[in-house]
Every structure is written in structure tokens, then in C-alpha cells.
Amino acid sequence: MFLMKSLTFEAVKSLLQTPKNVVIVPHVNPDGDAVGSSLGLYHYLIQKGHHVSVVVPNDYPDFLKWMPGTSAIIYFDSQTELAQQKLEDSKLLFTLDFNALHRSGPMQVALEENNTPKIMIDHHQQPEDYAAYSYSDVNMCSTSEMIYHFMEQMGDLELMNSDIGTALYTGIMTDTASFRFPKTTSTTHRVVAHFIEVGVNHSEIHNKVYDANRFERIKLVGVALNNLKVIEHLNTAYITLSQQELDSFGHQKGDTEGLVNYGLSIKGIKFAAIFIENKEDDIIKISLRSKGDFDVNQLAREHFHGGGHQNAAGGKSMLSLEKTVEKFENLVETLKSNLA
Ligand code: 5GP
Ligand code: MN
């Protein structure tokens, strides 16, 4: 390991005053906030005269592939050589929307071995100390809102334009489930008001993200809802999707996004989960959501090799789908005092 030099905000600011090669990296399986914050920062830094690359660890859903800057995105897993070159040439490296280097998936080793000063901007709990400068705030609704505050702190809000705003709006909208989660604040609304003032078309963004379903995807939602189970005495609901079910509807990346929320939409339900079989990686991918005090971040960390936030977390299981559900049912029974 190299010696970590820490930077003050003033040092970061002065590094960004002259043009540099900058690389921006979001977490593996990037979501709306990961891609939105990356492209928002990308457009901001380009305006400041930097040479900027966004390198994503792997592919992300089609419903996000319309944001300005999309065509410039480099995929580490399929364009490894180009991505490695960008990392080697970089003078500053932003890591966005993740709190530990392993969350960059296939990029972990490349990032660990890279000596470029890293700047972390993230809102997940328990951040690791790998960056030369960390802007971590678990009270933020999204990393995309943090990019806005970063620009603000840099004294650069006059550089706000509709490309930056469109990307950041998308990140804030998806991470707050359209401004409904409790971490959406009056400040969040002021931030998106600024985006609309510079010409961001919020209605079009909602359409592009939420009304771009394939018919097959809607049929898969039907299967998921059919599989929805409720454990009434524990105010818990969960969904399973087997690989076979996914395959029979021509499953594509992003199809299962948001399905876990159906469980939480049932009156009285405080805790919802979805278990998605992935035969290729030989794992069950798990998403957990809660309302109120029930901490799914802790549960994901302790029992499912994962993490996230108090009310939204994810993880995985190496057991079969049936065994995973059995483990889950036994586990929630022991948490009765927190759920019932
Ligand atoms: P999702 O359920 O939408 O995949 O993820 C919900 C939240 O948990 C996101 O903030 C995401 O970054 C985090 N998360 C999802 N999967 C994992 C995981 O395997 N490990 C960790 N540490 N966090 C995860
Ligand atoms: Mn996020």
C-alpha cells in the first residue's frame, strides 16, 4: 500500500483550478444516483476545463442510457485496457456513491493499486478511509445532491447548466423514489428548483426513467407480485424470482429494479425483501427496504454480506433460493421485537 496523503478542501479546490486528467468511478451495477452523480460531475468538470472520463465497473440499465454524456462512458469490464489507461493517466480520481473500494466490483484491485489521490463523495453508512479527501454525509438523500453542494462549496454554482442538472436530477429522483423518502429535505427541493431554472425538463426525465418499460418486463412484474408473500405477524413481506422465471421473460439488467418496494406498499408492512436468483454468479441477490427504525443496513451486513443505508440496503446469499428464504424466515422470527 502507498502512503495516503490527506488533502484539505482548499487543496482539492486548488488542484481543480488548473486543467487535469480526471477519472470518475461509481459503484458496481450502477444505479440512477451512481450514473447521475458521475455524469453531473463530468459535465461540471468539463466546464472547468478538465479532461474527464467516467469509468463504470460494469453495465447498467437501459432506462438510464439517455443522459447527456452517456456515449462517453467507459466500461471497465468490457473496455479494460482503455479504462486502465485512463486510470494510469489520471491526476485525480473521484469515487462516487460508494463507501468501500470493494463496492467497485471488478475495479477493486485497479483502484487499490492506483496512487492517484482519490476524492470520495458518498452518502452510505460506515465509510472506509481510503480517500485523500472524503466528503461523506449519511444524511444526504443522494450522492447527486452532494455533487451540487460540492459545486456550491467550490464557488461554482454559476456553472450550473441543463446537462449537469439533468444528470443530477435523475440521481436525486431515483434515490429518493421521486422525492418521497424521508431524507428528501427542503434543501433537496431548492436544489432541484435550481435545475428547473436552468432548463431541466423534469417531466421528460420521469418519462424516460419510469415509462420506458418493455411489455415483457411488466409481465415479469406480474410474476413477482404473484410470488409476493406476507408474514403478517412480523409486518414483513418478500418476493422471490427464480432464474427460470427471469429467463422466461427475456430478463434484462434493470428489470427487477424497484420491485422490492411493492412489499412496502402494503398497509402496515415495515420490512420488505426481494430474493433474485443469479445462476451465472451462483448467488441470490438480495434487496432490503424498511420504514422507520428497523435497520436493514445492519441486517445486510450481519447476515447477507452487504450493506447500504438504514432503510435501503442490499446483499447476497450463497445458499440456494429455497435455503435463503428459509434462513430469512428464521431470521425475521428472531427479530420479532423489532418488527411486530
Ligand atoms: P439495492 O437494493 O437497490 O441494490 O441497493 C440498496 C442500497 O444498498 C444501495 O444504496 C446500494 O448501494 C446498497 N447495496 C446494495 N447491494 C449491496 C452490497 O452487496 N453491499 C453493500 N455494501 N451495499 C449494497
Ligand atoms: Mn446513492
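Predicted model: local features only at pLDDT ≥ 70, side-chain atom pairs only at ≥ 80, totals over all residues.
Biologist: How many helices and strands does the secondary structure of the protein come to?

Modeller: Helices (H or I, at least four residues) and strands (E, at least two) are DSSP runs, numbered from the N terminus. On that basis the protein has 14 helices and twelve strands.

Biologist: Which radius of gyration does the protein have, and why does it agree with a compact globule?

Modeller: The radius is taken over C-alpha atoms, and the globule rule is 2.2 Å times the number of residues to the power 0.38. The C-alpha trace spans about 60 × 45 × 40 Å along its principal axes. Because a compact globule of 340 residues would have a radius near 20 Å, there is agreement with the protein's value of 20 Å.

Biologist: What percentage of the residues count as buried?

Modeller: Buried means under 20% relative accessible area, exposed over 50%, and partly exposed in between (1.4 Å probe, protein chains only). Of the 340 residues, the buried part is 53%.

Biologist: What share of the contacts with a separation of 6 or more comes from residues 24 or more positions apart?

Modeller: The count takes contacts in the protein with a separation of 6 or more. Within that set, residues 24 or more positions apart account for 65%.

Biologist: Is threonine 95 buried or exposed?

Modeller: Threonine 95 belongs to strand 4 (residues 92-96). Beyond its neighbours within four places in sequence, its contacts include Lys118, Ile119 and Tyr130. Because its relative accessible area is 0%, threonine 95 is buried.

Biologist: Which strand holds lysine 118?

Modeller: Lysine 118 has a relative accessible area of 4%, so this residue counts as buried. Its C-alpha atom is separated by 24 Å from that of methionine 160, 42 residues apart along the chain. The element that holds lysine 118, residues 118-122, is strand 5.

Biologist: What is the relative accessibility of isoleucine 147?

Modeller: Isoleucine 147 is placed in helix 5 (residues 143-153). Leaving aside neighbours within four places in sequence, its partners include Ser37, Leu96, Ile121 and Leu168. Isoleucine 147 counts as buried because its relative accessibility is 0%.

Biologist: Where does asparagine 29 lie?

Modeller: Most residues other than glycine have a negative phi. Asparagine 29 is not a glycine, yet has a positive phi of about 50 degrees. It counts as partly exposed because its relative accessibility is 39%. Its place is the loop between strand 1 (21-26) and helix 2 (32-47).

Biologist: What phi does alanine 177 have?

Modeller: Alanine 177 lies in the loop between helix 6 (162-175) and helix 7 (186-197). At 22% relative accessibility, alanine 177 is partly exposed. Although alanine 177 is not a glycine, its phi is positive, at about 50 degrees.

Biologist: How far apart in space are isoleucine 284 and glycine 315?

Modeller: Isoleucine 284 is part of strand 10 (residues 283-290) and is buried, with a relative accessible area of 2%. Isoleucine 284 and glycine 315 are 31 residues apart in sequence, and their C-alpha to C-alpha distance is 8.6 Å.

Biologist: Between which elements is isoleucine 269 found?

Modeller: With a relative accessible area of 6%, isoleucine 269 is buried. Residues that it touches, not counting those up to four places away in sequence, include Val230, Leu264 and Lys291. Its loop runs between helix 11 (261-264) and strand 9 (271-278).

Methods:
Residues numbered from 1 in each chain as written. Chains lettered and ligands numbered in written order. Heavy atoms only, no water. Contact = heavy atoms within 4.5 Å.
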